[in-house]
Amino acid sequence: MKLFDVYPLFNIEPVKARGSWLWDKQGNKYLDLYGGHAVISIGHSHPHYVDALKNQLDKIGFYSNSVQNPLQEQLSEKLGEVSGYPDYQLFLCNSGAEANENALKLASFVNGRKKVIAFKKSFHGRTSGAVAATDNPKIVAPFNAGHQIEFLPLNDEAVFKEAINSDIAAVIIEGIQGVGGIQLPNDSFLQVISKKCKEVGALLILDEVQSGYGRTGKFFAHQFSGIKPDLITIAKGMGNGFPVGGVLIAPEIKPWSGMLGTTFGGNYLACIASLAVLEVIQNESLMNNATELGNYWIEKLKGFKTITQVRGRGLMIGFDLPESSSGLRTNLLQKHRVFTGEAKPNTVRLLPSLALKKEEADLLLNALAIELS
Ligand code: PLP
């Protein structure tokens with residue numbers, strides 16, 4: 001059987017990874033400043049994380065959600081504490097798209113409405129509801145056209161106030177748009193959305209799948225604005241590579257038996273991986289590190305004359321290049337062995353491990369100094 005050929009691949013086969021580094025089959029060493037789409041939050045194969053997973057697998061790897069699993073309680077306790085949402089409830093699933101799908105479903109359960117507001121250049125995942133709330137014509141199939149989603153421009157308060165009304169089930173917005181090119185919602189824009197949603201009884205869903213888990217220097221990107229969403233979706237950095245996702249649910253939303261469900265969500269290995277990630281984030285002060293190194297990079301990147309704009313918070317950074325420098329990412333990979341991400345048409349995305357070291361941050365700056373001189 002052949003693989004269904006949907007991924008453009010680099011001709012690199014990583015066989016080993018530690019911290020911010022990858023090694024390929026030929027023994028070449030690469031600096032990973034992308035973390036496989038912002039997934040590697042505490043560094044590749046962190047010893048605490050590896051031990052936790054090995055020990056758990058030795059005890060029990062899987063059973064269904066029909067039995068007591070104290071690891072789920074431990075994870076929700078810890079997540080409540082580290083995230084600053086101790087009074088919220090946690091529903092565990094397996095990916096970012098699934099988290100958004102469940103959040104959209106929950107909103108509709110709560111207020112019985114069908115319409116959703118999303119934003120231009122948004123990306124929320126590839127399940128039916130999540131993809132319909134994604135503003136990218138290449139990946140939205142005709143099947144999804146039945147969803148009642150309206151896409152508004154980011155940061156346009158007047159347009160938003162015009163569009164929000166008591167027919168709207170939910171507003172879904174990323175903490176920082178990732179795939180859309182590291183676009184930040186203004187704090188004041190989030191405050192307006194939060195206030196208006198409350199007024200009309202729409203639920204506010206904050207998609208923190210990419211921007212959450214300490215990446216911006218706060219646990220969630222929206223926490224810079226002081227708002228409290230009704231639903232917060234998480235995945236990527238949560239498991240540092242182990243597939244896991246979740247929805248944080250405001251205390252006033254009451255569950256009933258069978259309201260949501262999944263076979264794999266909240267399994268022992270996913271819980272232990274997520275717990276180990278939170279422990280490392282706390283014990284190694286990784287959010288402070290993200291703030292410090294993020295500020296350092298942003299300041300230095302702004303010093304390059306060729307770079308036309310730098311955006312981001314903490315270790316979620318995008319910088320724009322003119323068309324003449326469009327080969328930069330390829331050169332960084334092939335000549336300097338540095339992995340970065342991109343957002344079309346001209347943004348380079350940096351999403352390294354939150355445990356990045358200053359010497360590693362400097363390697364990028366040195367490579368840029370050569371390539372952009
Ligand atoms: N939401 C955001 C903001 C994302 O960036 C992504 C993935 O890139 C998703 C949702 C979908 O996550 P997953 O690929 O785990 O389904």
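Predicted model: local features only at pLDDT ≥ 70, side-chain atom pairs only at ≥ 80, totals over all residues.
## A proline in a loop

P345 sits in the loop that runs between β14 (341–343) and β15 (347–350).

Two other residues have a backbone feature to look for. H37, which is not a glycine, has a positive phi of about 65°. You will find H37 in helix α1 (residues 35–38), where it is partly exposed, with a relative accessible area of 46%. K121 is not a glycine either, and has a positive phi of about 65°. This lysine belongs to the loop between β5 and α5 (128–132), and K121 is partly exposed at 42% relative accessible area.

## Around the ligand

Which residues surround the ligand? The shell consists of S95, G96, A97, N100, F123, H124, G125, E174, D207, V209, Q210 and K236. By class, these are three nonpolar, six polar and three charged residues. Helix α4 (residues 96–111) gives the largest share of this shell, with three residues.

Some polar atoms can be picked out here. At G96, a backbone N or O atom lies 2.8 Å from an oxygen atom of the ligand. Q210 uses its side chain instead: a polar atom there is 2.8 Å from a ligand oxygen. In K236, an N or O atom of the side chain is also 2.8 Å from an oxygen atom of the ligand. Taken alone, the ligand would expose 390 Å², and the protein buries 81% of that area.

## Aromatic rings

How many aromatic pairs does the model hold? The count comes to eleven. Take F119 and F189: their ring centres are 5.6 Å apart and their planes meet at 75°, so this pair is edge-to-face. Because F119 lies in strand β5 (residues 115–119) and F189 in helix α7 (residues 187–200), the pair ties together parts that are 70 residues apart in sequence. F119 is buried, with a relative accessible area of 1%, and F189 is buried as well, at 0%.

Another edge-to-face pair is formed by F219 and F220, at 4.9 Å from centre to centre and with 85° between the planes. Both F219 and F220 are buried. These two phenylalanines also belong to an aromatic cluster, together with Y85, Y88 and Y213.

## Charges over rings

Two arginines can be found over aromatic rings. R313 places its charged end over the ring of F224, 4.0 Å from the ring centre. R337 lies over the face of Y30, and here the distance to the ring centre is 5.9 Å.

## Buried or exposed?

Is N69 buried or exposed? N69 lies in the loop between α2 (47–59) and α3 (70–83). Its relative accessible area is 11%, which is under 20%, so N69 counts as buried. The side chain of N69 reaches the backbone nitrogen of L71 at 3.0 Å.

Key:
Residues numbered from 1 in each chain as written. Heavy atoms only, no water. Phe/Tyr/Trp six-rings, centres within 6.5 Å; stacked < 30°, edge-to-face > 60°. Helix = DSSP H or I, 4+ residues; strand = E, 2+ residues; numbered from the N terminus. Buried < 20%, exposed > 50% of the residue type's maximum accessible area, 1.4 Å probe, protein only. Lys NZ or Arg CZ within 6 Å of the ring centre and 35° of its normal. Near = heavy atom within 4 Å. Polar contact = N/O pair within 3.5 Å; in protein donor to acceptor, adjacent residues only side chain to side chain. Areas by Shrake-Rupley, 256 points an atom, 1.4 Å probe, with all protein chains shown as cover. Nonpolar A, V, L, I, M, F, W, Y, C, P; charged D, E, K, R; others polar.
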